[in-house]
Amino acid sequence: MALTDDLSANSLRTAFSRFPSGVAALCAIVDGEPQGIVASSFTVGVSLEPPLVMFAVQNSSRTWPVVRRNARIGVSILGEAHEDVCRQISARTGDRFAGLALDSTDEGALFLHDAALWLDCSVEQEIPAGDHHVVLLRVHGHATHDDAHAPLVFHGSAFRRLQSRDALV
């Protein structure tokens with residue numbers, strides 16, 4: 001077995017890309033405008049009592065400080081149909097929500113239609129972690145949409161789709 005001691009950002013990015021993850025859009029209505037970020041570092045089940053989830057955000061993010069100002073944040077676990085939506089919300093320029101089908105709560109949590117899961121959250125705690133912050137979110141409500149939308153998966157620096165065992169036989 002050979003392990004590398006190359007811990008450069010590029011080497012680690014490549015290594016970490018071997019771990020498949022879902023993709024979450026974290027969105028809110030702030031000052032009357034939709035705001036949001038996308039995270040592939042999202043993790044559910046951090047705690048059931050109290051209900052907590054988490055994600056990591058780069059310290060250099062300009063959008064997260066805006067989104068976190070809202071009392072509630074809508075987490076949409078992106079569905080298979082959201083590959084272009086993910087790129088749109090992640091864009092640095094332009095109207096990142098143009099043409100998107102959205103729902104919101106009275107508290108301003110913003111959700112994308114056709115998501116695999118919706119979580120209505122608030123910021124519980126932010127923990128400095130190197131060039132990122134780990135953000136714990138408290139879950140106040142959820143909607144699974146009766147499993148109508150399969151999740152989008154990010155693996156090997158590319159979007160993928162889940163395939164059931166039945167489809168392989």
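**Core, pockets and backbone features of the predicted model**

Asp103 is partly exposed, at 35% relative accessibility. Throughout, buried stands for under 20% relative accessible area and exposed for over 50%, with partly exposed in between (1.4 Å probe, protein chains only). The structure is a predicted model: local features require pLDDT of at least 70 and side-chain atom pairs pLDDT 80 or more, whereas totals for chains, interfaces and linings use all residues. Residues are numbered from 1 along each chain as its sequence is written, and side-chain values use heavy atoms, without hydrogens or water.

Asp103 sits in strand E7 (residues 102–104). Helices (H or I, at least four residues) and strands (E, at least two) are DSSP runs, numbered from the N terminus. Beyond its neighbours within four places in sequence, Asp103 is in contact (heavy atoms within 4.5 Å) with Ala109, Leu110, Phe111, His113 and Trp118. The C-alpha atoms of Asp103 and His113 are 7.1 Å apart, with ten residues of separation along the chain.

The largest nonpolar core holds 22 residues. Such a core is a set of buried Ala, Val, Leu, Ile, Met, Phe, Trp, Tyr and Cys residues joined through side-chain atoms within 4.5 Å. Leu26, Phe42, Phe55, Trp64, Val75, Leu119 and Leu137 touch the most other members. Two or more residues each come from strands E2 (24–30), E3 (33–39), E5 (51–58), E6 (73–77), E9 (117–129) and E10 (132–143), and from helix H2 (64–67). E2 supplies the largest share of this core, four residues. A second, separate core has twelve residues, including Ala25, Cys27, Leu110 and Leu152.

Leu137 shows how the packing reaches across the sequence. Neighbours within four places aside, Leu137 is in contact with Leu26, Phe42, Pro51, Leu52, Val53, Phe55, Val75, Cys121, Ser122, Val123 and Glu124.

Pockets are open sets of points on a 1 Å grid over the protein atoms alone, where a 1.4 Å probe fits and protein lies on both sides within 12 Å along at least five of seven lines; lining residues have an atom within 4 Å of a point. The volume is the space filled by probe spheres set on the points, which are joined across faces, edges and corners. Of the 40 lining residues, Val38, Ala39, Ser40, Gln58 and His132 are the closest to the centre of the largest pocket. Helix H1 (9–16), strand E1 (21–22), E3, strand E4 (43–48), E5 and helix H3 (83–90) each give two or more residues to this lining. By class, the lining of the largest pocket has 20 nonpolar, 15 polar and five charged residues. Here Ala, Val, Leu, Ile, Met, Phe, Trp, Tyr, Cys and Pro count as nonpolar, Asp, Glu, Lys and Arg as charged, and the others, Gly among them, as polar.

The second largest pocket has a volume of about 170 Å³. Its lining consists of Val44, Gly45, Ser47, Leu48, Pro51, Leu52, Val53, Leu117, Leu119, Val139 and His142. E4, E5, E9 and E10 each contribute two or more residues to this lining. E4 gives the most, with four. The lining of the second largest pocket has eight nonpolar, three polar and no charged residues.

The disulfide count is zero, for a criterion of two cysteine sulfur atoms within 2.5 Å. Cys27 is buried at 2% relative accessible area, and Cys121 is buried at 0%.

Several backbone features fall in loops. A cis peptide bond joins Glu49 and Pro50, with omega about -5°. Pro50 lies in the loop between E4 and E5. Asp114, not a glycine, has a positive phi of about 65°. Asp114 is placed in the loop between strand E8 (110–112) and E9 and is partly exposed at 42% relative accessibility. His145 also has a positive phi, near 60°, in a residue other than glycine. The loop between E10 and strand E11 (152–155) contains His145, which is partly exposed at 26%.

Gln88 belongs to helix H3. Its relative accessible area of 24% makes Gln88 partly exposed. Sequence neighbours within four places aside, Gln88 is in contact with Asp95, Arg96, Phe97, Ala98 and Leu100. The C-alpha atoms of Gln88 and Leu7 are separated by 31 Å, and the two residues are 81 residues apart along the chain.
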